Structure formats: structure tokens, C-alpha cells
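Thank you all for coming; I would like to take a few minutes to walk through one model with you, and I will ask you to keep the structure in view while I talk.

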Amino acid sequence: MTDPAAGAPEAPTGAEWAAAVAAVRRLPADARVLLICHVNPDGDALGSMLGFGLGLRRLGVRQLQATFPGPPEVPEPFRWLPGLDLLVPQDAAYPDPDLVICFDAASESRLGDLVGRLGSAGASLVLDHHASNTRFGDINLVDPHAAATSVVAEGLLDRLGVPLDADIAACLYVALSTDTGSFRFEATTPAVHEMAARLLATGIRPGDISRRIFDTRPFGAVRLFGEAIGRARLEPGAAGGRGLVWTYATLDDLARHDQPPYVLEALIDSVRCTAEADVSCVVKQTPAGDWAVSLRSKGAVDVSRVAVALGGGGHRFAAGFTGRGSVDEVVDSIRAELDGALLAV
Ligand code: AMP
Ligand code: MN
Ligand code: MN
């Protein structure tokens, strides 16, 4: 475990990369490998996992599964991804794989019912980019400077000698463009564009990919967004006067518009554009009855501190946690943490 007080971990060391390469290379021909990404998988979780899985397949790994905790439904925007045939429901996943590899999960709590596979596997490897990562694997490739877990995945594929093909590239591009907000966020470094160039050079079509994952949603979701945005609240005095904007969506809202929960993932993007608020928040009721809370900041607040204080995690300007109680209680708990998470700007 890394001591959070010790500050953000650095990029993986040469020894850590070498250990990860060795863990894959020493697999016997009949090894069973299980890939796991975080609950409610987003583009980075699915894209880095499936892209790396396709690379392992090219290396000759034959007994290979990919999974994630919870219902085995892949959100509609990702249902065209190459490598979906690797996916199995969590209950069908190897109970004692020779190697388990985790993608984009900052802590074991993000692995839900699959957390036991870490103990039953021969070895565990963690690929991630959250500064809050708890280093819960035997081998940890955690790069808090990486814009997406797919950056780490590409680095390991390269060291394993796996060339990029269009299928691997499509997965890694979805991951990279998701976590950089289509190359708009601060994490969009020259290295990110260089990686995007390598991916695009395989012939993948960025226009088609972006339209599918960012610019397409059912009409029912458009109407549902209208309702949720219509009841958004602006609190200019919150966060030391930097402002908070928040809204919520319930299971009843989803049912009325006949929509699955994943459509709410994009709602935060329509709320965080509010000029008068640094911090934005969407509180989404989950099928389990609690609330998946999304937090964003434009730079004045470290929302990962808020999220960690409330049992979650994430990045400085994009974080989340699981809320309990009423919507008002959840928002009260956030308000109470905001002042303590103000950054000196
Ligand atoms: P989201 O708002 O769901 O897009 O998540 C934003 C960031 O917060 C992502 O990096 C997530 O990995 C992280 N995150 C969201 N929910 C949780 C949670 N319950 N526990 C830990 N990290 C979370
Ligand atoms: Mn993620
Ligand atoms: Mn990520």
C-alpha cells in the first residue's frame, strides 16, 4: 500500500516494467489469463482491457477471458469494440487464473465481487493511472502522469514486442479519447498526441469512433438530460465562492424514459459547462439503490480529496464516490468537504 501522505507515486520503474514483461513472458502455453476492469466500465476501462487482451492473443495466449463486476452488459456506445468476444459474465470467469490483470481500477473496491480473484490467481498485475491507486497487485504499473490506462497498456504491449494493428488501436483510441475528453483536458500532452498518431496510422477512423462514443444517444436520453438539466441547482457561494452546480437522476427517471443507467455517464458533461461554478456534480441512483456520484472541477478544487474523504477516488479534477441516503444528504456531504479541498490558485 502506498501512503497517500507520501504524495503521488511516480511513473513505473524499470524494474516494475521488467517484472510485468516477465510475468507475461513466463506464462506456460496452457496458462489461463483473466483480465478485469472496473465496475461500470467506461471507455478507458473497456478499451485498455480489450486492446491489451487482443495483444495477448497475438502473443499466443489461448485461454484468455475479460470481465468486469456487475451485470455483463456493455454500454451501447462500446458494443462495436474489437475484442468483445473475450468478455464473459463475472460468474463465468476463471476462478483461479494463472495471471489476473486489472485495468483502470484505483483500488480493490472497484472490482466488486471479482476482488477474490486477486487472491486465488497465481499472480496479479495492475495497470492504472490514478494517483490514488493503492498498489493492490503483486506487480503494479501505475503511472499517475498517464492520460489514460491505455497509455500504460500500450507501453507494456510495446515492451512485449506486440505491434499495433487496427483492432488493438481502435480499443486504445477509445480509451485515450475518453479519458482526455476528446483531447481537450489538461492531460493532453505531446505524448498523448504522439500516441494518437501511432494509433491513427493503423487506419482507424476517428470521425466514426467519436460519433459513436460521444455524439450518439437515444432520443429518450436526450429528453431525460433535458429534465435533469432543468432541475440543476447553482450555488455560487459554495467551494469558497468558486461555485457549485449539481443535479441528480433517479431510477424512476430512467424508467420513465426507458433508458439504461449508462446513459447518465455523459450527463456531467452537460452540467460542468456552467460558467458560474468551478465544481460540478451529478448524483445518479444505481440499481443497487445507492448513488454513483460524479465530481468535476475546473481547477480551484481537488475533487479527488472530496471523493476520497467520502469513500471514493479518482483524479484531481474528475472523481467520484458511492453516496448513501437522500440526494440532499449526499450533496450536503460534498458541500462539507469542498472548502477543505480548495487549491491555492
Ligand atoms: P466518473 O464521474 O464516473 O466519470 O468518474 C470520474 C473518476 O472518478 C474516474 O477516474 C473514476 O475512476 C473515479 N471514480 C468514480 N467513482 C468512483 C468510486 N466509487 N470509487 C473510486 N473512484 C471512483
Ligand atoms: Mn475509468
Ligand atoms: Mn482511466
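This is a predicted model: local features need pLDDT of at least 70, side-chain atom pairs count only at pLDDT 80 or more; totals for chains, interfaces and linings use all residues.

Residues 260–338 span 31 Å between their end C-alpha atoms, and this stretch is 30% helix and 29% strand, where helices (H or I, at least four residues) and strands (E, at least two) are DSSP runs numbered from the N terminus. UniProt, in an unreviewed entry, lists these residues, 260–338, as "domain: DHHA1"; its positions are given here in the numbering of the model, feature names are shortened, and annotations may be inferred rather than shown by experiment. The unreviewed entry also lists residues 32–175 as "domain: DDH", a span with 28% helix, 18% strand and end C-alpha atoms 25 Å apart.

Residues are numbered from 1 along each chain as its sequence is written, chains are lettered from A and ligands numbered from 1 in the order in which they are written, and side-chain values use heavy atoms, with hydrogens and water left out.

Let me turn to the ligand. Ligand 1 has 13 residues around it, of which His130, Ser294, Arg296, Gly313 and Ala319 come nearest, a residue being near if one of its heavy atoms lies within 4 Å. As for polar contacts, that is, pairs of N or O atoms within 3.5 Å, a side-chain N or O atom of Arg296 is 2.9 Å from an oxygen atom of ligand 1, and for the side chain of Arg110 the corresponding distance is 3.4 Å. From the backbone, an N or O atom of Gly320 lies 3.2 Å from a ligand oxygen.

Which elements give two or more residues to this shell? They are strand E9 (291–297), strand E10 (313–315) and strand E11 (318–323), and E11 provides the largest share, five residues.

Finally, the cysteines. The structure holds zero disulfides, a disulfide being a pair of cysteine sulfur atoms within 2.5 Å.

Terms used. A polar contact is a pair of N or O atoms within 3.5 Å; within protein, one must be able to donate a hydrogen and the other to accept it, and residues adjacent in sequence count only if both atoms are side-chain atoms.
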